[in-house]
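Open the model in your viewer and show it as a cartoon. This tour goes from strand to strand, with something to select at each stop.

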Amino acid sequence: MPSIIIFLYKIINRINISLNFLYYNTMIENEKKSDEYWKKKLTKDQYYVLREKGTEAPFTGKYLDNKEKGIYYCAGCGTPLFDSGTKFKSGTGWPSFYTAIEKDNIKEIKDTSYGMIRTEVLCSKCGGHLGHVFNDGPRPTGMRYCINSISLDIISEKE
Ligand SMILES: [Zn+2]
């Protein structure tokens, strides 16, 4: 191999290692965020839903009928979660989306609380509770991500 290629390869490899290191440190940092941190950062209602897995009352959330175009971010840590283009009217009382913006940005886990078998949806970065996902959604995915407005913050698309 010409030495210039070996040189570039080494640099790219070095950058990759530093990025991995940064990523790893961010993950550790997020795991360490204490209840105190979240109590300071979030409102009382946000804390109840995001950190204590509460549910906002149906038909009360600020994004239920929101038709703005944009990206919905995690209200806890700012991770992009849902695109307004995948939002649909479900009639359930909570904002509903048929898919997440990026599969890796959310975590789905089995939830057997309240005598029901449901799938809980969490922000994969901060572990904040977002809502639940059901398989009675519209095409193309057939999924319904039923998400608390209070767990989200939209950044509108500028026309
Ligand atoms: Zn988050």
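**Stop one: the open sheet**

Three strands make up an open sheet, ordered β2-β1-β9, and their pairing is antiparallel. Select β2 (80-83) and β9 (152-156): they stand at the edges with a single partner strand each, so one side of each has no neighbour in the sheet. From one strand to the next, the twist averages 30 degrees. (Axes are lines fitted to C-alpha atoms, and angles run from 0 to 180 degrees between N-to-C directions.)

Some ground rules. This is a predicted model: local features need pLDDT of at least 70, side-chain atom pairs count only at pLDDT 80 or more, and totals for chains, interfaces and linings use all residues. Residues are numbered from 1 along each chain as its sequence is written. Strands are DSSP runs of E, at least two residues, numbered from the N terminus. Two strands pair if DSSP finds at least two bridges between them.

Now select β1, residues 70-74. Three bridges pair β1 with β2 in the antiparallel sense. Look across from Tyr72: Phe82 in β2 stands opposite.

**Stop two: two hairpins**

Select β5 (residues 106-111) and β6 (residues 118-123), an antiparallel pair with six bridges. Glu108 faces Val121 in β6 as its opposite residue. The two strands, β5 and β6, form a hairpin with six residues between them. In that turn, find Tyr114, with a positive phi of about 60 degrees.

What stands opposite Val121 in β7? Gly131 does. β6 and β7 form a hairpin with five residues between them. Finish at Gly127 in the turn, where phi is positive, about 75 degrees.

Technical notes: Helices (H or I, at least four residues) and strands (E, at least two) are DSSP runs, numbered from the N terminus.
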